[in-house]
Amino acid sequence: MKKSLRILGLFLVSSCIPFLAFAQEAAQSVGSQGDLVSAFKFLGITIGSGLAIGVAAGGCGIGQGHAVRGALEGISRNPGVHSKIFTLMIIGLALIESLAIYALLIAFLLIYTY
């Protein structure tokens, strides 16, 4: 229980550091424009894009783990089809990784088109 709370605390602290960097940039723009709504909008976009890429990367990691586990189980049951299973696994891993790259692209678009 203590270990999981430490890990959760470390995750929360490390996930707030990039938001503070972006908040400083937004605060400087607020001082010149005087628009507090704009700063909160930027902060919301930053937090949303960070969460989106975090969820996408976590989901893709879990999916890749399941794909590799299934491929290794299939190869261990029938070693004769190693080349076919390995080829299909590599193609599947590439497609799963492309989903994480699409999420990263959308996160960058959200931040930089603001």
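Here's a quick briefing on the fold, the confidence and one glycine of this protein. The model is a predicted one, so keep an eye on the confidence scores, because coordinates with low pLDDT should not be read in detail. In outline, the protein has three helices and zero strands, and 18% of its 114 residues count as buried.

**Fold and contacts**
- Take the contacts in the protein with a separation of 6 or more: 67% of them come from residues 24 or more positions apart.

**Surface**
- The protein exposes about 8,400 Å².

- Average pLDDT for the protein is 81, and 76% of the residues score at least 70.
- Helix H3 (residues 82-112) is where confidence is highest, at a mean of 91.
- Helix H1 (residues 2-33) is where confidence is lowest, with a mean of 62.

**A look at glycine 70**
- You'll find glycine 70 in helix H2, which covers residues 36-77.
- Glycine 70 counts as partly exposed because its relative accessibility is 36%, and that class lies between the cut-offs of 20% for buried and 50% for exposed.
- Isoleucine 85 is 15 residues away from glycine 70 in sequence, and their C-alpha atoms are 9.6 Å apart in space.

Key:
Residues are numbered from 1 along each chain as its sequence is written. This is a predicted model: local features need pLDDT of at least 70, side-chain atom pairs count only at pLDDT 80 or more; totals for chains, interfaces and linings use all residues. Side-chain values use heavy atoms; hydrogens and water are left out. Helices (H or I, at least four residues) and strands (E, at least two) are DSSP runs, numbered from the N terminus. Buried means under 20% relative accessible area, exposed over 50%, partly exposed in between (1.4 Å probe, protein chains only). Contact means heavy atoms within 4.5 Å. Accessible areas come from the Shrake-Rupley method with a 1.4 Å probe; for residues, only the protein chains shown count as cover. pLDDT is the predictor's confidence in each residue, from 0 to 100.
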